[in-house]
Amino acid sequence: MCGIVGYIGKDNAKDIIIDGLKKLEYRGYDSAGIAIVRDGKLEIKKHVGGIANLENLIGDDPMTSHIGIGHTRWATHGAPSDLNAHPHGSQDGKIAIIHNGIIENYHELKEELIREHNIKFKSETDSEVIAQLIGVIYQEKKDLLESVFAAVDRMRGAYAIVAIAEDEPDKIVAVRKDAPLIVGLGKGSNFVASDIPALLKYVKEIYLIENNETVLLTSEKVTIFDENREEINREVFHVTWDADAAEKEGYEHFMLKEIYEQPKGLSETLNRRLDENGKINLEGITLTKAEIEKFSKIYIVACGTAYHAGLVGKYIIEKLVRVPVEVDVASEFRYRDPLVDENTLFIAISQSGETLDTLAALREAKSKGARVLSVVNVVGSSVARESDDVFYTWAGPEIAVASTKAYTTQLMCMYMLALYMGLEKGTIDRDYYDQFIRDLQKMPEKLEEFLKKASQIEDEAKQLYNREQVFFIGRGLDSAVSYEGSLKLKEISYINSFAIAAGELKHGTIALMEPGTLVIALACQDFLYEKMVSNIQEIKARGAYVMAIAKDGNESIAKHSDKMIYIPECRDEITPLISVVPLQLFAYYVAKERGCNIDKPKNLAKSVTVE
Ligand code: F6R
């Protein structure tokens, strides 16, 4: 999820690139860099931190050049650092590249480059492999386009790559596979970028580059090649969006964009750790079978939405790994002298990896001898750095304050950890595991399908947006999801909402049910379905207005509810991956009707680094 920009033309490349990168900082912001060719020499400047740090590094240097490439990074391989920042250069200093994506076979390519070409790698990134590989090929071919073609033939993965060569300062070569890439068409200048916002100030005419296409840019001409390296024609796309809409890729708010990015986040989080036999590969995590067998207790500790992901984690780990799991909010855990020892696995969940309460709880657990594993979205963040092992979510940068795609990818990590530990420990067998993985693999597509129903939820929200309070109820995993649905609604719409396990209602809270009270009832667990129907009947008898969420086919519940939302059929354990989405959408559309500042709700911050 990095931002990339390249320029070739009559103006000074550095100024255009820095300006473009600033428009892309929302894609990633842990380090940035630029490469140009000045007076026949390739120069690279890069720095950890945002674009402002790069500007400080450049200072007054005009970096005069008509060609350049620039990058703002969202770390995947290797923590944010000066050396891991892009552009990466080849060993002979002749080639510079920027990259967005992942090179799956980087390890074998790296070994080969070290063994056969004596390459000394400077960074921990998969991206440097691209620079070194093109560099080695270029020594023979002396042609940037041919060298990129040859390098791409050796690479597996998802990428958008832009390359320049010291000896050919009149061309830029870019290639795309499963990562965004566009070309901007100027007059006597051409541009390449990951996203439209980077170029909007300069051009409105764009080529949208497709998968497996390569582009050769000079200042006068843009040539596109298909996967057979044949030249092709592309229709010009005229951009009519303004800069703000372009950043959100046409969505009205980042929150909505991020809700729609969930199928991709789920598929990335799952598939990046699955090998070709469907086996979970915990590369970078050193949990051994003996250690897994030794754990007598697991704590999952987090805050807010991440804590709610932990509630699902508890359920699934206890079921599959048969070990007691306690879930706690971080601000409570650290002050209650928790029972932690060297047989404890402590799992911290955090999108930002900078939440102070979570970090403090982690330190507390570590000091008592626990093994610390974190589930984190931001590579190289404090929680990640201080953990023994890190299981990264692949949600990409989350901009909206209300967390959505981080939550569902955190859930995916919980399922994968539970399956991995269960199989190692022998508490589940291979058939069960394989079927579970197959079911998880179907979820991105099912979610994609479900998102087509968003307009139904928008209609419900338009009718219900002016309620003063809302209750969320469910049983088992549905109860865990209710908490998240309730938090989403209150934080962005400021409605007083409350979540409770449905079976617990009758022990007090049912006193609040009155004619018209809005209750959102989740009934997505087949084995608890009948019990939920009874709970719904109890509140209907008090006049509540019930919007129920159930799996396709469970239609009998409709008789007892005022509104129904159906989610696709899937195994009970993984329904939270979808059942939370109508709740996210409901919160979003209610907040929109109420005219709230959806991406930046009052009193809240994206990363809470105070106690
Ligand atoms: C709610 C939300 C917060 C965060 C919480 C933890 O939408 O975003 O509740 O989940 O502040 O933040 P991280 O996950 O960054 O530790």
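1. Domain bounds here come from an automatic or database domain assignment, and for this protein chain that assignment gives domain 1 (3-245), domain 2 (248-450) and domain 3 (454-593). The centres of domain 1 and domain 3, taken over C-alpha atoms, are separated by 47 Å.

2. The model is a predicted one, in which local features need pLDDT of at least 70 and side-chain atom pairs count only at pLDDT 80 or more, while totals for chains, interfaces and linings use all residues. Residues are numbered from 1 along each chain as its sequence is written, and side-chain values use heavy atoms, with hydrogens and water left out.

3. The ligand has 14 residues around it, of which Ser350, Gln351, Ser352, Thr355 and Glu491 come nearest; a residue is counted as near a molecule if one of its heavy atoms lies within 4 Å of it. By class, this shell has five nonpolar, seven polar and two charged residues, where Ala, Val, Leu, Ile, Met, Phe, Trp, Tyr, Cys and Pro count as nonpolar, Asp, Glu, Lys and Arg as charged, and the others, Gly among them, as polar. Domain 2 (248-450) and domain 3 (454-593) each give at least three residues to the shell around the ligand.

4. Which side chain has an N or O atom 2.6 Å from an oxygen atom of the ligand? That side chain belongs to Ser352, while an N or O atom in the side chain of Lys488 is 3.0 Å from a ligand oxygen, and a polar backbone atom of Val401 is 3.3 Å from a ligand oxygen. For reference, a polar contact is a pair of N or O atoms within 3.5 Å; within protein, one must be able to donate a hydrogen and the other to accept it, and residues adjacent in sequence count only if both atoms are side-chain atoms. The protein covers 89% of the 400 Å² of accessible area that the ligand has on its own, the areas coming from the Shrake-Rupley method with a 1.4 Å probe, and for residues only the protein chains shown count as cover. Helix H10 (304-321) and helix H17 (477-493) are the elements that give two or more residues to the shell; helices (H or I, at least four residues) and strands (E, at least two) are DSSP runs, numbered from the N terminus.

5. Strand E19 (residues 371-376) is mostly covered, with six of its six residues buried, a term that stands for under 20% relative accessible area, with exposed meaning over 50% and partly exposed in between (1.4 Å probe, protein chains only). In a regular strand the side chains alternate between the two faces of the sheet. In E19, Arg371, Leu373 and Val375 on one side and Val372, Ser374 and Val376 on the other are all buried, which leaves both faces covered. Strand E18 (residues 344-350) runs parallel to E19 and is joined to it by six bridges, with Leu345 having Arg371 as its bridge partner; two strands are taken to pair if DSSP finds at least two bridges between them.

6. Strand E7 (residues 157-165) pairs with E8 in the antiparallel sense over six bridges, with a hairpin of two residues joining E7 to E8 and Val162 standing opposite Ala174 in E8. E8 also runs antiparallel to strand E12 (residues 213-217), joined by five bridges, and here Ile172 stands opposite Leu217 in E12.

7. Some individual residues may be checked against the model. Lys23, in helix H1 (residues 13-23), is partly exposed because its relative accessible area is 26%, and its C-alpha atom is separated by 9.2 Å from that of Asp195, 172 residues apart along the chain. Ile549, in strand E24 (residues 545-551), counts as buried because its relative accessibility is 0%. Leu464, in helix H16 (residues 454-464), counts as buried at 3% relative accessibility, and its C-alpha atom is separated by 20 Å from that of Ile557, 93 residues apart along the chain.
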